[in-house]
Amino acid sequence: MEKSHKQILQRNRTNLVTDLDPENLYDGLLEKGVFTQDMIDEIKSSGTRRNQARKLVQDLETRGSRAFPLFLECLRETGQHSLAELLQNGAPAVQLQPATPTEVVPLVVQPLPIRSPMDVDKQRIDIVPVYPIRRPSPTPSPSPEREYIKPVQQGRIRRDSIQSYKMDASPCGHCLIINNVDFKPESQLSNRKGSNIDSDKLERRFKALNFIVNVKTNLKQKQIRHELSALSKTDHSQYDCCVVIMLSHGTEVSHSRFPGSVYGVDGQDVPVQNITNYLNGQHCPSLQGKPKLFFIQACGGGQKDTGFEVSPDDDVKPSIGGADDQTDAIPMSSSSDSLSTSDEPDARATLPTPSDILVSYSTFPGYVSWRDTQAGSWYVETLDRILEENAATDDLITMLTMVNNEVSQNSAKGLYKQMPGSFNFLRKSFHFQTQA
């Protein structure tokens, strides 16, 4: 597809996802050769009308130069004139020509050039040698037509073969938020001013995304485990997804799957990979095959990242954090070398294959995570805004990349940086459920 046409689709994606009626388009798009039947079946399997519309538009961008004008034709033929006009107004005039039949090129037979044995791999495959004697070959020679066709690699994954998770249950699932603000004196951890702002934002956001939200505040380690255990024993068979959000202090621990550990207000920690274990396919059968999302706003360790200088040409805009920025790191050394032996059994707990799990971290493992006492954490503030602005049109991985980029441009005290990231074991594209 022409670059200008792709840009038109991208600019108008919100309107297309909101208003497009894909069901009426399938026959026309199939008849005109824009999509194959397999591709249409994949789009239909995406779930809700909005998900089908979103995938249709995404797949349309991968088709040829005739796809855009043929799509406009289908819109008009099915009475979706307002969308057709919306797209046509921003598009350059396109003269739709009938597809030209493939020209048959006669095969040119030339003598094989003399090469040394070391040059065998450099011979052009489109030069056909002539031998004085034809000897039988154990395998048939390729036909002339196949000489000019690049073979498709077996097992190659096509973009249009990536399915989307089903997300049409109402409500779509449970969301547990654990917000630790006030820590016990014996924990030697400071109180997390500003965390209630994060908690309130995320509670509103996930309710707007049609989740059942349950907020728990100031939990000790055993209470955190109890809430996660209760969530794992809940019957999720009527729901499509589950979300766990941890807002607390954190530290770095040895691990075999997911790094990091989150503290209870008593100063005892729960490794992130143990948190994910509660909802994996073995311990929570009703969530098997369904997306399980974990968002961790906590330090991954005690290191502070001062960043590196970039050239003026790099696409980085300086952004300064607030004067009241604090970290969510444990105040003592938190490198994996200084861990007590009591941390080892939990940190090395076995995790079955973590399919359908995504863990999004506010910071890179080993580094601090910054929080403004007046505005909340950089990560949550950015995540909330990105979800509000883009959940209707973009998939989760795309939005988390946006979060990574924006948070990376902040600076604490004019010096320190932060880099969020995620461990992604999702098998399909994930789109939140949003209001039409």
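## Strand β7

Take β7, the strand at residues 292-297: six of its six residues are buried, meaning under 20% relative accessible area with a 1.4 Å probe and protein chains only, where over 50% would be exposed and anything in between partly exposed. Strands here are DSSP E runs of at least two residues, helices are H or I runs of at least four, and both are numbered from the N terminus.

In a regular strand, side chains alternate between the two faces of the sheet. Both faces of β7 are covered, with Lys292, Phe294 and Ile296 buried on one side and Leu293, Phe295 and Gln297 buried on the other.

## Its partners

β7 pairs in the parallel sense with β3 (residues 241-247), over six bridges; pairing takes at least two DSSP bridges between the strands. Lys292 of β7 is the bridge partner of Cys242.

There's also a parallel pairing between β7 and β9 (residues 357-361), this one over five bridges. Here Leu293 stands opposite Leu358 in β9.

## The whole protein

Zooming out, the protein has 14 helices and 12 strands. It runs to 436 residues, and 46% of them count as buried. Take the contacts (heavy atoms within 4.5 Å) between residues at least 6 apart in sequence: 79% of them join residues at least 24 apart.

The accessible surface is about 23200 Å², with 50% belonging to carbon and sulfur atoms; areas come from the Shrake-Rupley method with a 1.4 Å probe, and for residues only the protein chains shown count as cover.

## Ground rules

This is a predicted model, so local features need pLDDT of at least 70 and side-chain atom pairs count only at pLDDT 80 or more, while totals for chains, interfaces and linings use all residues. Residues are numbered from 1 along each chain as its sequence is written, and side-chain values use heavy atoms, leaving out hydrogens and water.
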